[in-house]
Protein chains: 2
Amino acid sequence: MYTPEQLQDLINKEIAEKHYPLSPSELYDPIQYIMSLGGKRMRPALVLMACDLFEGSVIKALQPALGIEMFHNFTLMHDDIMDRAPLRRGRQTVHTKWNENVAILSGDVMLVEAYKLITLVDDTILRKVLDIFSETASGVCEGQQTDMNFEVSDSVTIPDYIEMIRLKTAVLLGCSLKIGALIGNADDQFSSYLYKFGENLGIAFQLQDDILDIYGDPEKFGKQVGGDIISNKKTFLLIKALEIAEGLDAEELHYWLNSEDPETEAKIKSVTDIYNRLGVRQLAEKEMSHFAEQALSHLEKINVPSERKLVLRGFADQLLIREN
Amino acid sequence: MYTPEQLQDLINKEIAEKHYPLSPSELYDPIQYIMSLGGKRMRPALVLMACDLFEGSVIKALQPALGIEMFHNFTLMHDDIMDRAPLRRGRQTVHTKWNENVAILSGDVMLVEAYKLITLVDDTILRKVLDIFSETASGVCEGQQTDMNFEVSDSVTIPDYIEMIRLKTAVLLGCSLKIGALIGNADDQFSSYLYKFGENLGIAFQLQDDILDIYGDPEKFGKQVGGDIISNKKTFLLIKALEIAEGLDAEELHYWLNSEDPETEAKIKSVTDIYNRLGVRQLAEKEMSHFAEQALSHLEKINVPSERKLVLRGFADQLLIREN
């Protein structure tokens, strides 16, 4: 078996060495650029880990793994336009460095390139790989649209929110694992368990993100602590707080949500105090644990020697106790 | 065999009856909207014609044909954002009727939907269909980027231009025919001939478009005659005129190209007069005939009874003697 570090090295090397057509440069340079910005690259790692779990050829899984990372970066490139984000991983976003048209069209060709790479699999599994990938790709777009709709909605419930993050974030983790499993010749049942492992893990991961935004260590978080509070982002914490706050807490929370141009430090502190009084952090952690347990229970069901599962279990642990 | 009208009816019915998910409506309503705007729908017709040429099941070709039309409309939706176009087929463009984010994300999901529909083919031809479609999709993006680059370039040659329209317009006609041929169980050789037929026809079609913009009958053209002249669009006619104009003609042409906010009627008349003196219309028609002949010579090589080819030959004739 490969160690996580070995798998990550394989992926990093493959991304660094990948060549794109030289022309038109406005189409392909941004792909090279965004792919080289790094990030955790956990989705391609999941493809390889899943393949390795079933003793499949990790080398054969490399191009599809790259395709998954290509798809993920396509969504980032287009999301950044939609969110008017100036920075991504501390560097200029593509629509800022080039322009919006370049970011639209480069993104489009990345989606095509993702299909090309992901379908570099044996003909025997081509149909299954295609089906799960296309289904996932539609789901991710639905999740992004739903997320944008939430920004202007007053009636987002916790189940709505969980469904949104399932689509926007979690299904791609499930898909990565399932494709890896298929390449590793896993049977349908085990591939589906692995999908469920990834999907539930993805939801737990996003809930952890919501918690870290407020309770993360500023030294380690890498983003501004409280960013979600400043932007009134409808995270699990805010939705839950709106649901259970009463009396003065509710009044104060609405005051901060509706105040135009507030003093940011004061807003972060006051809203965090409300969250603390309501105990929404604990509720979020409980929800996160629920999905983490769901994830692990699906991993359990897969009939391979348990030492082979250590890599994926370690990955899950790391994801859920991370500080950034 | 089916008549062209029967095939068009099948396509129109299929598009009219297609159901999309209800939610999120911002994602799927624009797809329904743009697909219902009509247009010639010649690409899906080509899929069906090619399939029918080889006595394949036209019914089996319907969903992939729809996928090709879906892909074409995805490119229109994104091109309209990039071109800041307010209207498409006389109706509001998606980014105008909704907003730019909706047009980006709906377009993205259309590309995924196109893949889903186009790959609804037998497993025996799935790989070939996927390969030609992905290759074509990248090519169309490259063509669009090259076209945008031409807007700000002073050194576009005729071969550059032909290559750009080959990518932006022609390869999708070739791809439509090839996929239809594959569904009709044509062998590789004949599928490739049909691709070449479509590719050459597509180039001829675009050259005809350039000619019609200036020399079309205003009553029948459907767009403003001279639109390309007003916007200094680098068509075959302009590139050729810049290449061969000398002395006063060259001076006058550059004057109009560089004049800010010119009187449009005067500009159209003057530039058209220059074109007439230089005979660029005849040169464009000669070029168009060359590609039309190339197209037909590939159709000739296909070994099916010549009466089966009448539909495609008729389609080519109609395309090249059209007035809009």
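Predicted model: local features only at pLDDT ≥ 70, side-chain atom pairs only at ≥ 80, totals over all residues.
The size of an interface is often given as the accessible area lost when the parts come together, and here the area buried between chain A and chain B is about 3,400 Å², with carbon and sulfur atoms giving 61% of that.

How are the two copies related? A rotation of 180 degrees, with 0.0 Å of shift along its axis, superposes chain A on chain B at an RMSD of 0.0 Å, and that is the relation of a two-fold axis. The same surface serves both copies, since 100% of the contact residues of chain A recur in chain B.

Now to the polar side of this interface. Between chain A and chain B there are 16 residue pairs in polar contact, counting pairs with both residues at pLDDT 80 or more, and four salt bridges are found across the interface. One of the salt bridges joins A:Arg127 to B:Asp123, where the closest N and O atoms are 2.8 Å apart.

Let me turn to salt bridges in general, of which the count over all chains comes to 36. In chain A, A:Glu252 pairs with A:Arg277, the closest N and O atoms being 3.5 Å apart; A:Glu252 lies in helix α13 (residues 247-258) and A:Arg277 in helix α14 (residues 264-278), so this pair ties together parts that are 25 residues apart in sequence. A:Glu252 counts as partly exposed, at 30% relative accessibility.

A second pair in chain A is A:Arg313 with A:Glu300, whose closest N and O atoms are 3.1 Å apart. Here A:Arg313 sits in helix α16 (residues 310-320) and A:Glu300 in helix α15 (residues 280-300), so the parts tied together are 13 residues apart in sequence. A:Arg313 is partly exposed at 24% relative accessibility, and A:Glu300 is partly exposed at 45%.

In chain B, the side chains of B:Glu252 and B:Arg277 also meet in a salt bridge, at 3.5 Å from N to O. Finally, back in chain A, salt bridges that share partners join A:Glu163, A:Arg166, A:Lys196 and A:Glu199 into one network.

Notes
Residues numbered from 1 in each chain as written. Chains lettered and ligands numbered in written order. Heavy atoms only, no water. Least-squares fit on C-alpha atoms with pLDDT ≥ 70 in both. Contact = heavy atoms within 4.5 Å. Helix = DSSP H or I, 4+ residues; strand = E, 2+ residues; numbered from the N terminus. Buried < 20%, exposed > 50% of the residue type's maximum accessible area, 1.4 Å probe, protein only. Buried area = accessible area lost by both parts, 1.4 Å probe. Polar contact = N/O pair within 3.5 Å; in protein donor to acceptor, adjacent residues only side chain to side chain.
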